[in-house]
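Colleague: Could you walk me through how the parts of this model meet?

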Number of protein chains: 2
Amino acid sequence: MSVHDLTRKLQRKNDSKIVLLVADGLGGLPLQPGGLTELETAQTPNLDALAQRGTLGLSVPVLPGITPGSGPGHLGLFGYDPLEYQIGRGVLEGLGIDFDLGPNDVAIRGNFCSLDAAGNISDRRAGRIGNDIAAPLCEKLDQITIPGVEVFVRHVKEYRLVVVFRGEGLGGDVDDTDPQATGVPPLDPVARTAASEKTVEVARQFLAQAREILKNDHPANFLMLRGIAKRPPIPTFEEVYGTRAAAIAVYPMYRGLARLVGMDVLDAGQTLDDQMARLKQAWSDYDFFFIHFKYTDSTGEDGNFEAKVKRTEELDGCLPKIVALNPTVLIVTGDHSTPSKLRSHSWHPVPTLLAADACRFDGSTSFGEAQCRAGGLGQFEAKYLMPLALAHAGRLEKFGA
Amino acid sequence: MSVHDLTRKLQRKNDSKIVLLVADGLGGLPLQPGGLTELETAQTPNLDALAQRGTLGLSVPVLPGITPGSGPGHLGLFGYDPLEYQIGRGVLEGLGIDFDLGPNDVAIRGNFCSLDAAGNISDRRAGRIGNDIAAPLCEKLDQITIPGVEVFVRHVKEYRLVVVFRGEGLGGDVDDTDPQATGVPPLDPVARTAASEKTVEVARQFLAQAREILKNDHPANFLMLRGIAKRPPIPTFEEVYGTRAAAIAVYPMYRGLARLVGMDVLDAGQTLDDQMARLKQAWSDYDFFFIHFKYTDSTGEDGNFEAKVKRTEELDGCLPKIVALNPTVLIVTGDHSTPSKLRSHSWHPVPTLLAADACRFDGSTSFGEAQCRAGGLGQFEAKYLMPLALAHAGRLEKFGA
């Protein structure tokens with residue numbers, strides 16, 4: 001019996017409000033033994049006050065030692081076991097440009113490449129052409145028609161694009177056509193399952209037309225297909241938790257991940273202030289709000305400890321606006337750690353703060369990794385955050401008599 | 001490989017004695033941030049002394065955020081995964097009146113109801129008739145005979161009763177006959193599986209006779225069947241742990257749960273003193289003793305913080321009598337939390353104390369939620385308590401060479 005089997009069965013409606021504030025890549029590392037992390041260094045009076053009337057813990061995004069991407073990181077926070085619900089790269093790339101992927105869509109990452117006169121790959125990234133060259137090429141490719149399916153081609157960045165085939169009976173189990181080498185021709189698409197034969201046929205037709213369309217566009221005179229995937233069937237938030245959920249996220253990837261689990265994606269504007277205004281405006285329309293803040297991750301990826309500290313303080317500054325709405329449960333956490341010391345996502349457990357009247361307060365005085373380690377939530381798999389949120393909101397019945 | 005696969009394989013006999021003292025609903029909450037829980041408020045010199053020569057932890061009854069009923073709560077403590085062994089409502093109701101359910105029994109919760117002249121339900125609880133009216137009606141229904149099966153009808157309280165069909169080939173997968181509405185007739189029993197068709201036939205005959213017997217007993221002129229269930233096949237304590245186990249519990253529900261896992265159920269009297277006397281008397285006859293104390297839960301359900309504190313102190317007072325018997329392992333825990341602040345069972349992890357010479361002592365000085373949070377057992381799923389108990393009693397061999 002899975003967590004969702006339980007929450008489906010036990011869910012209870014009430015007037016509670018739950019806010020999940022995700023500071024992307026929140027967890028950090030001290031630069032030296034004995035030092036403080038970014039979060040511990042930041043002046044966060046509002047988060048600290050919240051910690052005093054909440055309970056802290058450390059969430060493990062996937063499993064100990066496993067570093068998640070944004071997809072698994074967020075699915076875990078949303079209560080979807082990231083090992084059960086795996087999102088293909090093509091789908092993530094589509095979500096990342098706000099493409100609304102449906103259940104009949106096969107999404108594919110495309111790379112423009114250069115072919116030599118013999119048809120062998122001379123550059124797998126087509127000389128890293130700029131947006132000014134690639135975008136018009138994508139518009140040309142978007143004109144391709146294939147009987148029985150719809151074809152969409154969208155530019156992403158530089159030599160990267162997204163291709164979507166939409167139609168009945170298209171499977172997503174098709175190998176990449178990128179041989180990961182130069183001096184050889186691109187591979188033909190090959191189906192790993194019988195259910196994906198039709199996708200292979202569509203891909204062949206698409207590639208044949210693309211080859212013709214691009215033949216005079218050297219260095220981008222062809223493209224390769226990678227990460228071919230379908231959106232997995234994912235039960236909605238409403239179904240598994242009984243909550244009407246809204247996402248207030250600025251970046252397309254996170255809007256896409258929220259859409260994937262059936263949240264309504266609201267116009268979030270561009271800034272935290274915009275997001276807070278939207279939250280207030282939508283307050284009465286939803287039970288659950290996912291708010292995403294990107295810059296704790298991007299500064300960590302930049303390896304900029306000080307900038308991450310500043311961004312954390314910026315986030316702290318928005319807390320009073322959330323608290324003023326008096327949510328029943330307010331959670332502040334991250335989808336993973338992004339220590340600026342490592343300049344990348346990491347596996348380190350993520351500081352988590354859950355504030356609610358039903359908390360077993362744990363004597364925490366501030367929000368940071370050390371206090372989270374001693375907090376009342378202990379170390380827990382991220383997929384249990386949602387049942388904890390629902391429990392503290394009075395939204396779960398007793399299991400068994 | 002499940003925990004029971006391991007304990008079956010690794011179990012070792014010796015002369016050790018294990019006592020599991022369950023204070024029902026033991027875990028609590030502080031009323032205010034920075035405050036103490038019921039257990040932390042109580043003066044518990046004996047539990048505190050035990051904490052100093054033991055190790056503490058917090059047990060998670062089912063999963064984070066999931067609030068258990070008494071059934072799953074106790075099964076977890078007994079080492080039976082509460083998600084694997086689910087006990088139907090009818091079975092729990094039967095256990096709750098000390099009915100000794102066997103493997104061929106289908107147990108059912110019955111409700112007396114009122115039917116109008118057209119046969120539609122006018123009151124689903126028959127005007128909440130008193131025991132004085134309902135008990136004799138149950139005796140009349142207990143006279144019903146159906147060829148090939150035994151029929152038992154027992155009064156529970158007010159309009160509630162238990163019906164048991166005993167016989168070969170009776171499945172427990174039958175829908176309720178309560179439509180959860182008035183102005184419509186009761187539903188016919190319907191089998192969800194072919195293996196339960198015979199049960200449906202028996203239920204139909206039972207209901208037809210009951211309708212005739214009760215026809216002049218308005219407002220209780222019929223009854224509805226709910227929570228139809230069989231006792232799941234559960235391996236015995238003796239089989240999975242190799243221990244001779246005894247239960248010393250005053251309330252029928254807990255005696256029933258102990259019987260379900262094959263414990264001998266001893267006469268526990270009415271008070272803690274009675275229970276302590278019985279423990280001493282039975283000391284040489286068993287390896288494992290489950291002692292149940294109800295009032296930490298009932299006072300929590302009443303929302304009476306002070307009364308829960310007092311009951312906790314009462315429990316503390318009996319500790320010297322257990323310690324005097326010199327058990328190899330003495331565990332004090334609860335089946336779940338029942339914070340008086342919430343007036344109900346809750347999901348919060350349960351304070352757990354395990355005292356044994358083989359403990360890794362953890363520097364604890366008193367027994368309470370805060371010290372348990374920092375204790376040597378960490379936060380662990382309740383189903384691991386039994387392997388921990390057996391290990392500390394020297395009752396488990398090494399796994400692998």
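Modeller: Here are a few questions and answers on its domains, helices and chains. This is a predicted model, where local features need pLDDT of at least 70, side-chain atom pairs count only at pLDDT 80 or more, and totals for chains, interfaces and linings use all residues. Residues are numbered from 1 along each chain as its sequence is written, while chains are lettered from A and ligands numbered from 1 in the order in which they are written.

Colleague: Which helix gives the largest share of the side of domain 1 of chain A that touches domain 2 of chain A?

Modeller: An automatic or database assignment sets the domain bounds, giving domain 1 (3–86 + 234–392) and domain 2 (91–230) in chain A. Eight residues of domain 1 of chain A contact six of domain 2 of chain A, contact meaning C-beta atoms, placed from the backbone, within 7 Å. Helices (H or I, at least four residues) and strands (E, at least two) are DSSP runs, numbered from the N terminus. With seven residues, the largest share comes from helix H9 (residues 252–260) of chain A.

Colleague: Which element supplies the largest share of the side of chain A that touches chain B?

Modeller: Here 24 residues of chain A are in contact with 30 residues of chain B. On the chain A side, helix H1 (3–10), strand S13 (378–381) and helix H14 (385–392) each supply at least two residues. The largest share, four residues, comes from H14(A).

Colleague: Which residues of H12(A) make the contact with H3(A)?

Modeller: H3(A) brings A:Pro45, A:Asn46, A:Leu47 and A:Leu50 to this contact. From H12(A) come A:Asp316, A:Leu319 and A:Pro320.

Conventions:
Two residues are in contact if their C-beta atoms, placed from the backbone, lie within 7 Å.
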